Amino acid sequence: MDLRAAKAQLRAEMKARRAELSPAAHEQQAAQAAHVLGALPQWVDAQVVCLYASFKHELGTHLLLQRALGEGKILLLPRTRPDGTLSLHEVSDLSSLTSSHLGILEPSPSAPARPATAVDVFLVPGLAFDPSGHRLGYGAGFYDRLLTQAKPTAFSVGYGFDFQVHPEVPVEAHDQALTAIVTPTGLVPKVSR
Ligand SMILES: Nc1ncnc2c1ncn2[C@@H]1O[C@H](COP(=O)(O)OP(=O)(O)OP(=O)(O)O)[C@@H](O)[C@H]1O
Ligand SMILES: [Mg+2]
């Protein structure tokens, strides 16, 4: 099977598995994962965090958004651009977010834009991750493009349910590896491949 087909198959499998979780399991695991990430030194030390608003069956991030603001961090959220890039905007009030054409909560385009180089911690969505930090996203390359702009010391963390950690995620040359993977049960130990 070629790489693109392998990616497509793994995406479909992971979407189906996420949809099977009960609302109670979603809520509990989102709280656990926020607790895990919130205790990591890279989070504690971060001044600028780039998070995202979870949608559909993603591991929930709303507690983390509130936590970032409550801890006085500068919170950035992405807006998708038609050219396949993300712009990052500072958000100080979660009620100011509005739904994009994809159904994802985004900041207003008038919210102050910040460069990716300002970010200490990136929370990165995805469908599958592996222990060496490889990530399978939704297939548009948004985060691969964004992470090429990150400063070298940035902490980029994949965020998902335990079953989203797959032994070996198919990768192409443009795929950007992550620094860490966090799930509701903890930080996934890093293995080099
Ligand atoms: N840095 C880049 N510059 C130009 N094109 C890129 C870059 N990164 C990825 N792409 C393109 O984006 C497309 C989708 O990439 P890929 O299958 O890795 O998506 P993904 O990582 O699952 O998506 P996402 O990051 O949006 O969740 C590919 O056709 C790839 O060529
Ligand atoms: Mg990719």
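Modeller: Two strands pair if DSSP finds at least two bridges between them. Strands (E, at least two residues) and helices (H or I, at least four) are DSSP runs, numbered from the N terminus. The model is predicted: local features need pLDDT of at least 70, side-chain atom pairs count only at pLDDT 80 or more, and totals for chains, interfaces and linings use all residues. Residues are numbered from 1 along each chain as its sequence is written, while chains are lettered from A and ligands numbered from 1 in the order in which they are written.

Now the sheet. It is open and has eight strands, ordered β6-β3-β2-β1-β7-β10-β11-β12, with mixed pairing. β6 (113-114) and β12 (186-187) are the edge strands, each pairing on one side only.

Take β7 (residues 121-124) and β10 (residues 155-159). They are parallel, with four bridges. F122 sits opposite S156 of β10. Helix α2 (residues 23-39) packs on the sheet and touches β10, β11 (180-183) and β12. Contact here means C-beta atoms, placed from the backbone, within 7 Å. The direction of α2 makes about 140° with that of β11. Axes are lines fitted to C-alpha atoms, for helices over the stretch in contact, and angles run from 0 to 180 degrees between N-to-C directions.

β1 (residues 48-50) and β2 (residues 74-80) are also parallel, over three bridges. V48 faces I74 in β2.

β2 and β3 (residues 86-90) run antiparallel, joined by five bridges. T80 has L86 of β3 as its bridge partner. The two strands form a hairpin with five residues between them, and G84 in the turn has a positive phi of about 90°.

Notes: Contact = placed C-beta atoms within 7 Å.
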